[in-house]
Amino acid sequence: MWFFFAILSALFAALTSILAKIGIEGVNSNLATAIRTVVVVIMSWGMVFLTNTQSGITGISKKSWIFLILSGLATGASWLCYYRALQIGEASKVVPVDKLSVVITLLLAFAFLHEEFTVKSFLGCVLIGTGTLIMVI
């Protein structure tokens, strides 16, 4: 089931890039990010209430709160940078560079989460990095 949701995530991420590139024309990138964020907040809380999971908020540990907040800050910084890059660059070049996050995530997962870094992982990182370089040159 995870693969199905991962594919949907990739599809929606692709749509996000194209829709954002069209929508950001003539709009300050920070304002565009704020508008997008409000929509995401409404949609996220809507899903919480739709699935009746709002009572779980009291059971979240202090550690989870800290890391969820840090993740939110990283997401915000990513979105602000992404929208600015989209505003001044071509989507066909910005998006591949943004997807270098896959390589960075693998390296961070290895370093901090002690996940296995295999020959296959290394090869994938090299191919993604090389492919990105080829697309943006």
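Predicted model: local features only at pLDDT ≥ 70, side-chain atom pairs only at ≥ 80, totals over all residues.
The protein chain has 137 residues. Its secondary structure consists of six helices and zero strands, and along the sequence the pattern reads α-α-α-α-α-α. Taken along the principal axes, the C-alpha atoms fill a box of roughly 50 × 45 × 25 Å.

Next comes the surface. Buried residues account for 15% of the chain. The accessible surface is about 10300 Å², and carbon and sulfur atoms contribute 76% of that area.

Empty space is the next topic. Rolling a probe the size of a water molecule over the atoms shows where such space is left. In this model the largest pocket has a volume of about 590 Å³. Its lining consists of 17 residues. Which of them lie nearest the centre of the pocket? They are Thr16, Arg36, Val39, Val40 and Met43. Three helices each supply at least two residues of the lining: H1 (2–23), H2 (29–50) and H3 (62–88). The largest share comes from H2, with seven residues. Sorted by class, the lining holds 13 nonpolar, three polar and one charged residues.

Helix H1 also contains serine 17. Is this serine buried or exposed? Serine 17 has a relative accessibility of 4%, and because the limit for a buried residue is under 20%, serine 17 counts as buried. Apart from neighbours within four places in sequence, serine 17 is in contact with Tyr82, Leu86 and Val95.

Val95 leads on to helix H4, which covers residues 91–98. Val95 is buried there, as are Ala91, Val94 and Pro96. The spacing of residues along a helix can be read with a simple rule. An α-helix has 3.6 residues a turn, so residues three or four places apart point the same way. Which helices do the buried residues of H4 pack against? They pack against H1, H3 and H6.

Helix H6 spans residues 119–136, and serine 121 is found in this helix. With a relative accessibility of 17%, serine 121 counts as buried, because that value is under 20%. Once neighbours within four places in sequence are left aside, the contacts of serine 121 are Leu106 and Glu116.

The last topic is the aromatic rings. A pair of aromatic rings is described by the distance of the centres and the angle of the planes. The count for this model comes to five aromatic pairs. One of them joins tryptophan 2 and phenylalanine 3, with 5.6 Å centre to centre and 90 degrees between the planes, an edge-to-face arrangement. Both tryptophan 2 and phenylalanine 3 are exposed. Phenylalanine 4 and phenylalanine 5 form another pair: their ring centres are 5.4 Å apart and their planes stand at 70 degrees, so this pair is edge-to-face as well. Phenylalanine 4 has a relative accessible area of 46% and is therefore partly exposed. Phenylalanine 5, at 49% relative accessibility, also counts as partly exposed.

Terms used:
Residues numbered from 1 in each chain as written. Heavy atoms only, no water. 1 Å grid on protein atoms, 1.4 Å probe; cavity = no way out; pocket = protein on both sides within 12 Å on 5 of 7 lines; lining within 4 Å. Points joined across faces, edges and corners; volume = space filled by probe spheres on them. Helix = DSSP H or I, 4+ residues; strand = E, 2+ residues; numbered from the N terminus. Nonpolar A, V, L, I, M, F, W, Y, C, P; charged D, E, K, R; others polar. Buried < 20%, exposed > 50% of the residue type's maximum accessible area, 1.4 Å probe, protein only. Contact = heavy atoms within 4.5 Å. Areas by Shrake-Rupley, 256 points an atom, 1.4 Å probe, with all protein chains shown as cover. Phe/Tyr/Trp six-rings, centres within 6.5 Å; stacked < 30°, edge-to-face > 60°.
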